Amino acid sequence: MSQFYDSLETRSPAQRESELMARLPGQIAHAQQRSGAFAAILQGIDAAAITSRQALAQLPVTRKSELLERQTAHRPDQVFGGFNAIHTGRDMPRVFASPGPIYEPESRRADYWRMARALFAAGFRAGDLVHNCFSYHFVPAGSMMETGAHALGCTVFPGGTGQTEQQVQAMADLRPAGYVGTPSFLKIILEKAAEMGVQLPSVTKALLSAEAFPPSLRDWFAARGVAGYQCYGTADLGLIAYETAAREGLVLGEDIIVEIVRPGTGDPVAEPKAGEAPEVGELVVTTLNPDYPLIRFGTGDLSAYLPEPCPTGRTNARIQGWMGRADQTTKVRGMFVHPQQVAEIVRRFPQIARARLVVSGEMASDRMQLLVETTETSPGLAQQVVDALREVTKLRGEVQMLPPGSLPNDGKVVEDARSYR
């Protein structure tokens, strides 16, 4: 049995680059013709001339914040802000909403989010039953994993989020081969199973995403018989990179063109040679997806190239993995929280002068606290702000009232103070 999902993973780097660059001009022309947003962004660009990374680097970077701004500006007539190349109806069975809100289309294309490759690398095979604990509502995470599992030939149990005891019972009854979801929720499920005295011997593998996955937690799972692997993707792009049995960084997915650029610019960093320290930068991705053709899409996530190919024999470039945010947007319990959301809460309460959202804690125990400067400290106001925080971010958090002038004057709105050791 092959240890690779397909032959694309073992192409020579030169062949991969040649084939990607051969497809690039057509994708840019397609985006110009079918996407109103890119018709404007790439106006005057000769698509036929974009046949190299050097030429691609001359195109503007469209960042997630700009995607949100364009979508917001064009609602309700164009909910996708003109970035879509397909429309509601036969070609678009689902629409999702990520925090912001940012709306994402899903087409009928098999393995639309390209997650089957990551599932295969994590040990899933045709015939496996997959217990999917990613969310099936609003965000596309549940569908990302389900469509990838279906492409691999797996059956999926749509566990979704929450209801921990029921998750344990379903695992005990159905005996799935593995779990997909956030690492923190898998830890909660295994702890609950131990508390209930329920054995889950069938769950021996896991594909984890949406949160940091430190070695300490990987070892905690391994001690309980679960081999956990991580993958990195976004709601806009689908799979970007995935972990392999080598446990050395993440291998880039096929059918995308990835650049790492210096934050705040569109200038690519150089891939490091052996022995060189890699330069950290923002991940910029050009997808070859014809239905949602994002060209030089800035994820806002930081990472760095790793030198040399993966020891497993996969020949694509590797990245360090998620290393933080190029902007102040951060993830809490698998959900993005944006500075704009903090501003929305402040706008609702004229009593609040300034606010800062602090995310603290350790892996699997995120704590979110909104610090607000106000002269009013009534319990009623505090509860109203707590309710607004949950309504806007879809996450629970605490509120601390501070006197004016308490917060640092450094422009920071979202502070990630978590420990990933």
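In which loop is D111 found? D111 is found in the loop between β3 and α5 (116-121), and its phi is near 50°, a positive value in a residue other than glycine. This is a predicted model, in which local features need pLDDT of at least 70, side-chain atom pairs count only at pLDDT 80 or more, and totals for chains, interfaces and linings use all residues. Residues are numbered from 1 along each chain as its sequence is written, and side-chain values use heavy atoms, with hydrogens and water left out.

**View 1. Two cis peptide bonds, each ending at a proline in a loop.** R75 and P76 are joined by a cis peptide bond with omega of about 5°, and P76 is found in the loop between α4 (64-74) and β2 (94-98). A cis peptide bond with omega of about -5° joins G100 and P101, and P101 is found in the loop between β2 and β3 (102-106). Helices (H or I, at least four residues) and strands (E, at least two) are DSSP runs, numbered from the N terminus.

**View 2. The packing of α7 against α8.** Helix α7 (residues 164-174) and helix α8 (residues 183-196) pack at an angle of about 75°, their axes lying 9 Å apart, where axes are lines fitted to C-alpha atoms over the stretch in contact and angles run from 0 to 180 degrees between N-to-C directions. That makes α7 roughly perpendicular to α8, a term used for angles of 65 to 115 degrees. The contact (heavy atoms within 4.5 Å) includes V168 and M171 of α7 and F185, I188 and I189 of α8.

**View 3. The largest cavity.** A cavity is a set of points, on a 1 Å grid over the protein atoms alone, where a 1.4 Å probe fits but cannot get out, and lining residues have an atom within 4 Å of a point. By this rule the count comes to one cavity of 30 Å³ or more. The largest cavity holds about 40 Å³ of space, a volume being the space filled by probe spheres set on the points, and among its lining residues are W113, R114, D236 and Y292.

**View 4. The second largest pocket.** A pocket is an open set of points with protein on both sides within 12 Å along at least five of seven lines. About 530 Å³ of space lies in the second largest pocket, and, of the 32 residues that line it, the closest to its centre are E17, R53, E271, N316 and A317. At least two lining residues each come from α1 (13-34), α3 (53-56), β11 (256-261) and β14 (305-306).

Conventions: Parallel < 35°, antiparallel > 145°, perpendicular 65-115°, else oblique.
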